[in-house]
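Hi,

Here is the structure I promised to pass on.

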Amino acid sequence: MARKAKVVREASGAKTQPDHLVAIIGAGFGGLGVGIGLKRAGIGDFVILERAPGVGGTWLANSYPDVAVDVPGIVYQFSFEKNPDWSRTFPKGAEVRQYIERLVGKYGLEAHLRFDSDVTSREWDEEKQWWRLRLATGDEVTAKYVVTALGAFVEPRLPDIEGLDKFQGKVIQTQVWDHDYDFAGKRAAVIGTGATSVQLVPQLARMAAHLDVYQRRAIWVFAKPDFAIPRMVRTAFRVLPVLQSVVRGLVAGAVEVGLVGVTVYGKQIAPLTLIPAWACRAFLFTQVRDGELRKKLTPGYGFGCKRPSVSNLYYKTYTRPDVDLVTDPIARVTETGIETRDGVHRDIDVLVLATGFEMSQSPDPYRRRPVRGRDGFDLADFYEHNRARAYEGVCMPQLPNHFMVFGPFAWSGSSWHVMVENAIRIITRVIGEAERRGATSVAVSTEATDRFFDFISERGKATLMHGKSCVDANSYYIDKHGDFGFLRPTTAYQSTRASKNFPLSDFEFAAAPGNPGAPLPVPAGVLSADLNQEARS
């Protein structure tokens, strides 16, 4: 679809203008959404740098058996590009990838995509007033503005287990699935029982001769109302888009109450959190009649402390005679299998690692891929020693001309796309205003960032995460400093309203002496709408 990045090396100091006005890192939903937003705002000089050979982000990386959306498809889409043709209530990964490909084609993003372009460092050049992006190839791309759309989960995480490198059999990480490997007749083991395993385990049980699943913490699982959407319904959505919008709104509300409402407001309405927990236990009882097995599959933390999942097959899979749930801690991996601390050794032929990802708000990813801003600011050091904060989850004072689709306290609502669209509004409005003013740099003020952090921190204190029921959850919702940094503890309505009404006075626009920049014409309608919006706020 797109070519690899071709960057011409130039002598140091030879450039008078950056290669691009905007560089977007990542070609998943976030990066593609920002690209669409820029085009709709009349900004066409941008590049999307993607380290993989194609678009899709997590949907390109994750192609393990039965990968699917774990929220209804009708809410897992952009509000400006609704898909009336989801074949199921919970679309499979292939169908999501088709939707992504349609976005690229419809909005003409092909020419902006640069594949196999792994950004290994980002550094702000104060003199030039632009960003220098170093690629794994050794080439450099410069851009006045940078938008990172790396997602919440950056790199696959290898478990820290003794002997893992000594195993002589096949090792497969779920994010790099080997579709050529034949599980037939093999003894397989899965480490991890998160959302990925909920989808994967039932399929592996059908494929392998025997399956061991190693569980550290159980996961809450609902019954999955997954069914084929009748053709007449899809036709109605296509003919009457307003009908799909209404249904989407109702489903989004239900999902937000069930997933976000319990987590954000669970401490205030603690008795009500017992209802979904009871529902999950009742569902487990219908699937597993063995009391001891049910006990192992029942989480020891409260509902909502970690992201729950949905499946009609997961619990029942453990009742198969060829599947064993292992809850004794792993002592080591040997050349031929896995030994648990109780001294039991289980031989296996293939080991599947469903052990999750490194989080994008931890310092580790930025040790390997440094991000350095103004006045010696280093993002890895910041995340290591400070409580993470970002204005509306999108920008930080020390990183001028820099925006994040997923920053601290960004994710809110029933779907990832709510957060992406909120970020798009902020990014396109601020860049448009900076170009209108002829500014060479723009950064959110420290005062505005602190104000937002104080607001979010106060709301976070009332979340379920800080209640007694979540003490043993080890949830990725909570960062290393004890903050509710992964999710925004507000409603989707509040976060969307904030993205529409934030005051431009929260940002500091500046022009470097002797470097007035090259203002980009922005459609008058966009600018007038922004100015009116600022006046209303």
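This is a predicted model: local features need pLDDT of at least 70, side-chain atom pairs count only at pLDDT 80 or more; totals for chains, interfaces and linings use all residues.

**The five-stranded sheet**

I'd start with the open sheet of five strands, which runs in the order E8-E17-E9-E10-E13 with parallel pairing. Its edges are strand E8 (170–173) and strand E13 (323–326); each has a single partner strand, so one side of each is left without a neighbour in the sheet. From one strand to the next, the twist averages 20°.

Helix H4 (residues 195–207) lies across E9, E10, E13 and E17, and it runs at about 160° to E10.

**Gln215**

Next, have a look at Gln215, in the loop between strand E10 (210–214) and strand E11 (221–222). Is Gln215 buried or exposed? Its relative accessible area is 9%, and the cut-off for buried is under 20%, so Gln215 counts as buried. What does Gln215 touch, leaving aside its neighbours within four places in sequence? The contacts are Thr193, Lys296, Leu297, Leu325, Val326 and Thr327. Ile330 is 115 residues away from Gln215 along the chain, yet their C-alpha atoms are separated by 9.5 Å.

**Two antiparallel arrangements**

There is also an open sheet of three strands, in the order E14-E15-E16, and here the pairing is antiparallel. Strand E14 (330–333) and strand E16 (345–347) are the edge strands, each pairing on one side only. The twist in this sheet averages 20° from one strand to the next. Strand E15 (residues 337–340) is joined to E16 by three bridges, and Gly337 stands opposite Asp347 in E16.

Further along, strand E21 (residues 441–444) pairs with E22 in the antiparallel sense over four bridges, with Ala443 facing Glu508 of E22 across the pairing. Strand E22 (residues 507–510) has two faces worth a look: Phe507 and Phe509 are on the covered one, while Glu508 and Ala510 are on the uncovered one. As background, side chains in a regular strand alternate between the two faces of the sheet.

**Two helix pairs**

Take helix H1 (residues 29–40) and helix H3 (residues 93–106) to begin with: their axes come within 11 Å and cross at roughly 25°. That angle makes H1 roughly parallel to H3, and the crossing is left-handed. Phe29, Leu32 and Ile36 from H1 meet Val96, Tyr99, Ile100, Leu103 and Val104 from H3. Sorted by class, this contact between H1 and H3 has eight nonpolar residues, no polar ones and no charged ones.

Then there are helix H12 (residues 416–437) and helix H14 (residues 492–501), whose axes come within 8 Å and cross at roughly 15°. H12 and H14 are therefore roughly parallel to each other, and H12 passes H14 in a left-handed crossing. On the H12 side the contact is made by Val418, Asn422, Arg425, Ile426 and Arg429, and on the H14 side by Ala492, Ser495, Thr496, Ser499 and Lys500. What classes of residue make up the contact of H12 with H14? There are three nonpolar, four polar and three charged residues.

Cheers

Methods:
Residues are numbered from 1 along each chain as its sequence is written. Side-chain values use heavy atoms; hydrogens and water are left out. Axes are lines fitted to C-alpha atoms, for helices over the stretch in contact, and angles run from 0 to 180 degrees between N-to-C directions. Angles under 35 degrees count as roughly parallel, over 145 as roughly antiparallel, 65 to 115 as roughly perpendicular and the rest as oblique. A crossing is left-handed if the near helix is turned anticlockwise from the far one by less than a right angle, and right-handed if clockwise. Contact means heavy atoms within 4.5 Å. Ala, Val, Leu, Ile, Met, Phe, Trp, Tyr, Cys and Pro count as nonpolar, Asp, Glu, Lys and Arg as charged, and the others, Gly among them, as polar. Two strands pair if DSSP finds at least two bridges between them. Buried means under 20% relative accessible area, exposed over 50%, partly exposed in between (1.4 Å probe, protein chains only).
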